[in-house]
Amino acid sequence: MTSKRTSETAKKAAARGAKTPADFQEAEANGGGTVEVTVQGLTIEVDPTAINGDWEVVEAIAALEEGKASPAGMLRVTKAALGDAYDDVKEHLRGENGRIDAESMGGFVKEVFEALNLGN
């Protein structure tokens, strides 16, 4: 049974051209690999196994969900989700004042999770 939230997330991901869970399962079965996602007009390659294949990242995500996130945990999740695209995303989000708003980064990472169908 699919929840309303899950189906809405799947619709958003499909609209963005996200890979399907089967694509990620195949990549994971083959020992990992990157997939392309487009978020906020920026196309990046991410490795889904770097997010749910690293126990410390899973712990940090759990802490975020419980409202007990530390800055170090938030950074660990962000870097795991974005991988090699981390610096590109920072430049993409940099405001006119030269700073990167924490809410913007959090929103971007959330959209990456949704595109990977991990935001359920």
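Buried means under 20% relative accessible area, exposed over 50%, and partly exposed in between (1.4 Å probe, protein chains only). By that scale Arg94 is partly exposed, at 33% relative accessibility.

This is a predicted model: local features need pLDDT of at least 70, side-chain atom pairs count only at pLDDT 80 or more, and totals for chains, interfaces and linings use all residues. Residues are numbered from 1 along each chain as its sequence is written, and side-chain values use heavy atoms, with hydrogens and water left out.

**Salt bridges**

Side chains of opposite charge can pair when their charged atoms come close. A salt bridge here is a side-chain nitrogen of Lys or Arg within 4 Å of a carboxyl oxygen of Asp or Glu. The count under this rule is four. Among them are these pairs:

| Lys or Arg | Asp or Glu | N to O distance |
|---|---|---|
| Arg76 | Glu56 | 3.2 Å |
| Lys68 | Glu66 | 3.9 Å |
| Arg94 | Glu91 | 2.8 Å |

**Arg76 and Glu56**

Arg76 is partly exposed, at 39% relative accessibility. Glu56 is partly exposed too, with a relative accessible area of 43%.

**Lys68 and Glu66**

Are Lys68 and Glu66 buried or exposed? Lys68 is exposed, at 61% relative accessible area. Glu66 is exposed as well, at 53%.
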